[in-house]
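Student: Could you go through this structure with me, one region at a time? I'd like to begin with a sheet.

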Protein chains: 2
Amino acid sequence: MQDELIRARTAAHIANRLHRTDKDRALLAMGEHIHLAADAILEANSRDLERAQAAGEPTHRLDRLRLDESRMEAMVEGLHQVMALSDPVGEVMSAWKQPNGLHMEQIRVPFGVIGIIYEARPNVTVDAAGLTVKTGNAVVLRGGKEAFETNLALTAALRSGLEQAGLPPDLVIMLTDTDRRSVDALIRARTLVDLVIPRGGASLIRHVVEHATVPIIETGVGNCHVYVDAQANLDVALDILINSKTQRPSVCNAAETLLVHTSVADAFLPKVSRQLATLGVELRLDERSLSIVQHDAPDIVRANNVSPMVAIATLEDYATEFLALILAVKVVESLDEAIDHIGRYGTGHSEAIVTEDDQAAREFLTRVDAAAVYHNASTRFTDGFEFGFGAEIGISTQKLHARGPMGLRELTSYKYLIRGTGQIRS
Amino acid sequence: MQDELIRARTAAHIANRLHRTDKDRALLAMGEHIHLAADAILEANSRDLERAQAAGEPTHRLDRLRLDESRMEAMVEGLHQVMALSDPVGEVMSAWKQPNGLHMEQIRVPFGVIGIIYEARPNVTVDAAGLTVKTGNAVVLRGGKEAFETNLALTAALRSGLEQAGLPPDLVIMLTDTDRRSVDALIRARTLVDLVIPRGGASLIRHVVEHATVPIIETGVGNCHVYVDAQANLDVALDILINSKTQRPSVCNAAETLLVHTSVADAFLPKVSRQLATLGVELRLDERSLSIVQHDAPDIVRANNVSPMVAIATLEDYATEFLALILAVKVVESLDEAIDHIGRYGTGHSEAIVTEDDQAAREFLTRVDAAAVYHNASTRFTDGFEFGFGAEIGISTQKLHARGPMGLRELTSYKYLIRGTGQIRS
C-alpha cells in the first residue's frame, strides 16, 4: 500500500496547482469513460451481486449494491453537477496588512491525499472521486468487499477519464486489499495521508477513531430528536415528526426520539401514535406517554397483543440510533428537561424544536449542541444538497474542522502567504 | 478524572451562553486574583524550583519554570489583552435562504471542553485559561510535573476570579495527577472532551497522536527552510537567514536548513558562514557548500580544527529540527529542487523564499505545502501576535481545522441554525 500512497501523494502535488477548467474537463471525461465502460461495469456488478447473493446477504444490501442504467446515469449526472459548482481552491479567506508592512493572505488549498473508507454502495466511489478531483485532492478509496469488482471497474473508468484529460490517473486510487489491515494501514499512514473520512456503520467508525493516527472526520451517527414544545402548532408538529421519523428511517438524520412537553402530551400523543401505527412504526414509550396512549388511543396498544408495536422505553432505547421504524417517546416537564435529555443522549447531529414561541425557539437553538438545530422544520434536511452545497462527502458529527454536511469547501484546508520586503523579527 | 471532566462539561454548558461582557469581567477578575495570590504563587514556584534544582534539571528548564514579579505581571497583562479582543462566539459565518423558505445560519460556537497538555512553562496555565474563557469553553489543564505547585496556585487564583465574576470556577480545571495515565485518560475521554491540544516536545506530541481518540490539533514541530533564490537580493537574504536561524533558535519557527541556488552559492555562502560563525552557529554542509566555504572562507573551516563548527550534512540532518544553533546547508540546482527538498523534509510549518523574481516567488508560495509560506520575510513571524491575532494558543502543523498560528477563532467550532415554518422533506 505504501507504494499506492506515494503515487497518490505525487499526483496530489500536481493537482494542487490545477485550474478549475482542467479539473472540470477531467470530471467531464470521467463521466464519459463511465459511459464507455458501462458494459464492463455492469458485468462486474453482476458478479459482485451473484457472490453477495450466494453469501446470503439480505435484500436491502443487495439493493444498495445493485447498479443499472439509471443508477449509472445518476453517477455521471453527479459528476456534471460537481463541474457546475465553483472551485473553493485559491479562494482568499482573509487578507490584511501588518503594521510592519507584511502582506498577509489566508487562502484555501487542497488537503493533499484524502482517504475514504466506505461500505457497500458503489456510487460513493464516483461521488468521492468527483468531489476530491474538483478540490485538487488525490483520493485513496477503500471500498467494501461486496462491491469489490464494481468498484475496480468504476475506478478504471475514472482513471481513464483523468488520463484523457491530461491529469494524473493516480488522483483516484482504489485499494485492492479489502481486509481490515488495509483500513489500518490507511488510517496510520502519517505524512502520506492528510485526512481520512470513514463512511459507514458505527462499528467501522469506532474502529477508525480507535486506531487512526492520521486526522479523521467522524461521520454519520445520528441519534436525533424532535421536541414538541408547549406552544407548538400540533399540525406542524405532526408533519415534522412523521417526516423526520418515516420519510427515510435508515439514514442518520432521521429522528429516533420524540420529546413532548407535558402540557400538549394529551392532545398530541394519541394523534401521532395512531398515524405512526398506520405507518408501521413501533413505539418505545415512557410511563406517562404509555398511559396517555392506553387511555386515548387504546387501538394502538391493543395492536401490541398481536405484534409488539408498543413497549416501555428503556434508557438504552433513548441512547439508540434505531435506523428503523422504531420511535422512543418521552414526556418532559419543561424545555430545560428536553434540552438536558438531548444533551445526555444526542450525538450532536440534528435536533428540532416545534414551537410558536420565539423565546423557546431561541433558547433551544442556542443551547442545543448539535451540527444542525431546527426550528419548525424536519431533521431530514441535514444534507449537503438540501443545504444548497450542491454536493456532499458526508455529515460530520465532530466539532473539529467541519460540522454537519460537508461539501467542497470542507475538503479544503488553508495556508497563509506572507509577502514582505525583507522584514525580520526584532 | 471522570469526575473532573464532568464538572468541566457542566461548566461548559453554562459558558456556552455567556455574553462577552460577562467573560471579560471574569478575565479581569482572574487577573486581580493573580495579584491577590501573588505571594502564594511565588512561594509555590520556589518550592517547584527547589525540587527541580535538586533533581538536577538544566538551567534553561529552571529558567522556563521561574516566576517573578515581572513574569506575573506579563501574565495578567496577557489576560487584559485577551479582554480587548472581540469575541468570535456568536459570529454569523454565513447566512442564506433556501428555495423552500428555510433560513440557514452558520454561527460560531465554543467547542465545549478543551484539554491542554503542556510542559514546564507556567504562563501557559494563565494564557490557556484566558483564551478558553474568552471563547466560552471550559479548559482541562494537564501541566508538567516540574511546575505542579505553581500551576495549582495559579489555577486556584484563576478559579477565585471566575467565582467572583459569577462564572463557574470549573471552567478552569487543573488535573492533579501528573503521570502519563492522566494524559491518556484525557485524550481518550470521548463525549466528555471535545478537543485536545498538546503543546510540548516531539515525544509528547507523538504519544498523543498515537493514543488519542478525542480530536486533537497537533502543534509545534517545525523543520523550517530559507531558500535563497537565483534572483535573491543577497543582503536581504543574509538578514532573513540570520534572523530566522539565530533570533530565537529554540522555537518552532526558527529555520533549520538553508537552501541556496547554485548560481548565488559562491557569492552568498562565504558571507553567511562567516557571520554565522561569529554567532556560534554550527554548520552541516553538503559537499558543494563545504567546498565553497573551504575555498572562500577558509577561516571558518579552520575553526573546525578547534571546535566542530563545520561538518558534512547527513540526510538525517536535513530531517532534524535542531532547535539549537545548528544550520544544515544545501546548494540546489533549481527552484524545483528547493521545493522538492522542502516537500521531502519539511514539517509544513514555515518556509521562506528570498528572491526579487516574482514568478519564482509565486511558484514557491503556490507549491510549498506549509502553514505559512514567506516571500522576503523571516520565518520567525509565524506567531499569533505577529499575525495580529492578539493571542495564540499554539501553532498547528496539521491541516485539519486550523493551520499555523491559532488565536481565538480557532478555539471555536460552528453550528447551523435552521428556521422554518413547518418544512418537511419530500
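Tutor: Chain B has an open sheet of four strands in the order E5-E4-E3-E6, with parallel pairing; strands (E, at least two residues) and helices (H or I, at least four) are DSSP runs numbered from the N terminus, and two strands pair if DSSP finds at least two bridges between them. This is a predicted model, in which local features need pLDDT of at least 70 and side-chain atom pairs count only at pLDDT 80 or more, while totals for chains, interfaces and linings use all residues. Residues are numbered from 1 along each chain as its sequence is written, and chains are lettered from A and ligands numbered from 1 in the order in which they are written.

Student: Which strands stand at the edges?

Tutor: Strand E5 (172-174) and strand E6 (195-198) of chain B do, each with a single partner strand, so one side of each is left without a neighbour in the sheet.

Student: And what does the twist average?

Tutor: From one strand to the next, the twist averages 20 degrees, where angles run from 0 to 180 degrees between N-to-C directions and axes are lines fitted to C-alpha atoms, for helices over the stretch in contact.

Student: How many bridges pair E3(B) with E6(B)?

Tutor: Four bridges, in the parallel sense, pair strand E3 (residues 113-117) of chain B with E6(B), and Ile117(B) stands opposite Pro198(B) in E6(B). H9(B) packs on the sheet, where it touches E3 and E6 of chain B, and its direction makes about 155 degrees with that of E6(B). Helix H7 (residues 148-164) of chain B lies across strand E4 (138-142) and E5 of chain B, running at about 160 degrees to E5(B).

Student: Changing topic, is Asp87(B) buried or exposed?

Tutor: Asp87(B) is buried, with 20 other C-beta atoms within 10 Å; the cut-offs are 20 or more such atoms within 10 Å for buried, 12 or fewer for exposed, and partly exposed in between, with C-beta atoms placed from the backbone. Asp87(B) sits in the loop between helix H5 (69-84) and strand E1 (92-97) of chain B.

Student: What does Asp87(B) touch?

Tutor: Leaving out residues up to four places away in sequence, Asp87(B) touches Arg20(B), Lys23(B) and Lys134(B), a contact being two C-beta atoms, placed from the backbone, within 7 Å.

Student: How many residues does each chain give to the contact between chain B and chain A?

Tutor: Chain B gives 56 residues and chain A gives 56 residues. On the side of chain B that touches chain A, the largest share, eleven residues, comes from E16(B).

Student: How do E16 of chain A and E13(B) run?

Tutor: They run parallel, with five bridges joining strand E16 (residues 412-423) of chain A to E13(B), and Val373(B) is the bridge partner of Leu417(A) in E13(B).

Student: Now chain A, how many helices and strands are there?

Tutor: Chain A has 16 helices and 16 strands, and buried residues make up 54% of its 426 residues. Along its principal axes, the C-alpha trace of chain A spans about 75 × 65 × 35 Å.

Student: At what angle do H2 and H5 of chain A pack?

Tutor: Helix H2 (residues 20-36) and helix H5 (residues 69-84) of chain A pack at about 170 degrees, with their axes 9 Å apart. H2(A) and H5(A) are therefore roughly antiparallel to each other; angles over 145 degrees count as roughly antiparallel, under 35 as roughly parallel, 65 to 115 as roughly perpendicular and the rest as oblique.
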